[in-house]
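Today I am opening the notebook on a new model.

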Amino acid sequence: MSEAHSSTANRFDLIRLALASTVFVYHAIVLSSLAPMSGLEAGWGQLAEIAIQGFFIVSGALVAGSLVRSQGLADYAGKRVRRLYPAYLVVVLIPAIICLLMGGDVRGVGEYIAANLVFLNFLSPDLPGVFEGNRFTEVNGALWTLKIEVMFYICLPVIGWLLRLFGRAKWLFLIGIYAAGEAWRQLVPVMLDHPDAPMLARQLPGQMAFFASGIALWQMWGTAKAKPLWFGLVGFLVTALSFAHPWLEPLRAAGLTGLIACIAFLPGPALNAARFGDISYGVYITHFPILQALVALGVFASLGYAAGFMLSAALVIAASYALWHLVERPALRPSSHYRKVAEYTEQE
């Protein structure tokens, strides 16, 4: 693999950790139900939405690279399962086991496990008797994006094959994917008169513009590394335009991609966020149930928001490091980028 397409000479680990932390802060505000905080909740809600969109862009770029480096479909699938599923399995099973130990209904727990293990979280988001007094009763409301991730992983080999088939016209194909995804995301709530229309619009293919933008970034990896300031300038202007009018919102995926490329490749300190372990995934999948448990125990009500937030942050970081060292890292191959980054910095 050439240096131009090296996935280690960048700040993507830092970007993913920042995006996960943004979602954590938003959920801390929402789940703790501190009033009056409607303005703060709305503002962080917008930031969290952008963070999730950024996740999809980064995933599009890095997983496209993973596919290119894979020896075949089995190798590609194995890498994706190793990276995603072991930690996900632990996060799903631990609350279910705790519920059973507390005398929870076996059937209800079984339904929760069955639905969540195959990423169909919306079918059974709650555990019987758990978090019933909280503002929201979902055990882990952050997991809905992983279903979209997995669907993208399944689609990507087909997209990669079509990109090779289109040859020089591959950019037209990517633009078509982008446009189709935005058409779905923007038009489904308008054309479908149903309460679930907004939720349906957020599913795949509604997020495909962000994944397609990530794939485009992988295709332009060398150029982005050579000219990060240009990517950042164009990205800033396009992102600003996407907020200027609702009709311009479909530009956001392209704008955010430019900003992400600029942050990743801008000259300066590496700022290796995975120095002691890559905890971004852990932060994302553990923070919601930890916050829910602290809310149910009355921690935020008794200690106040600041102390409750600091305690929850400490617990999330501890849980994420434990998940990395005990589950995620052992499940990865020695050649995995995520292991190599941590092992390289440990030897410095």
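Entry 1: Helices here are DSSP runs of H or I with at least four residues, strands are runs of E with at least two, and both are numbered from the N terminus. This is a predicted model, in which local features need pLDDT of at least 70 and side-chain atom pairs count only at pLDDT 80 or more, while totals for chains, interfaces and linings use all residues. I number residues from 1 along each chain as its sequence is written, and side-chain values use heavy atoms, with hydrogens and water left out.

Is S66 buried or exposed? S66 counts as buried, because its relative accessibility is 5%. My cut-offs are under 20% relative accessible area for buried, over 50% for exposed and partly exposed in between, with a 1.4 Å probe and protein chains only.

Which residues does S66 contact, once neighbours within four places in sequence are left aside? They are Y76, K79 and R80, where contact means heavy atoms within 4.5 Å. With R80, the side chain of S66 also makes a side-chain polar contact of 3.0 Å. I use that term for a pair of N or O atoms within 3.5 Å; within protein, one must be able to donate a hydrogen and the other to accept it, and residues adjacent in sequence count only if both atoms are side-chain atoms.

**Entry 2: α10 and α11.** Next I turned to helix pairs. Two packed helices are described by the angle between their axes and the distance between the axes. I found that the axes of α10 (residues 228-244) and α11 (residues 252-265) come within 7 Å and cross at roughly 150 degrees. Axes are lines fitted to C-alpha atoms, for helices over the stretch in contact, and angles run from 0 to 180 degrees between N-to-C directions.

The crossing of α10 and α11 is left-handed. A crossing gets that label if the near helix is turned anticlockwise from the far one by less than a right angle, and is right-handed if clockwise. By class, this contact of α10 with α11 has eleven nonpolar, six polar and one charged residues. Ala, Val, Leu, Ile, Met, Phe, Trp, Tyr, Cys and Pro count as nonpolar, Asp, Glu, Lys and Arg as charged, and the others, Gly among them, as polar. On the α10 side I noted, among others, G232, G235 and T239, and they belong to a set that meets α11 residues including G255, G258 and A261.

I then followed T239, which sits in α10. T239 is buried, because its relative accessibility is 9%. Not counting residues up to four places away in sequence, T239 touches G255, L256 and L259. The T239 side chain reaches the backbone oxygen of G255 at 3.3 Å.

**Entry 3: α1 and α12.** How do α1 and α12 lie to each other? They are roughly parallel: the axes of α1 (residues 12-32) and α12 (residues 280-296) cross at roughly 10 degrees and come within 9 Å. Angles under 35 degrees count as roughly parallel, over 145 as roughly antiparallel, 65 to 115 as roughly perpendicular and the rest as oblique. The α1 and α12 crossing is right-handed. Its contact has eleven nonpolar, six polar and one charged residues by class.

**Entry 4: α5 and α8.** The axes of α5 (residues 144-166) and α8 (residues 208-219) come within 11 Å and cross at roughly 50 degrees, so this pair is oblique. The crossing of α5 and α8 is right-handed. From α5, I148, E149, F152, L156, I159 and L163 meet M208, F211, I215 and Q219 of α8. Eight nonpolar, one polar and one charged residues make up this contact by class.

**Entry 5: backbone checks.** Most residues other than glycine have a negative phi, and most peptide bonds are trans. I therefore kept that general rule in mind. F119 has a positive phi of about 70 degrees, and F131 has one of about 60 degrees. F119 is in the loop between α4 (106-117) and α5, and F131 is also placed in the loop between α4 and α5. F119 is buried at 10% relative accessible area, and F131 is buried at 13%.

I also found a cis peptide bond joining L204 and P205, with omega about 10 degrees. P205 is in the loop between α7 and α8.
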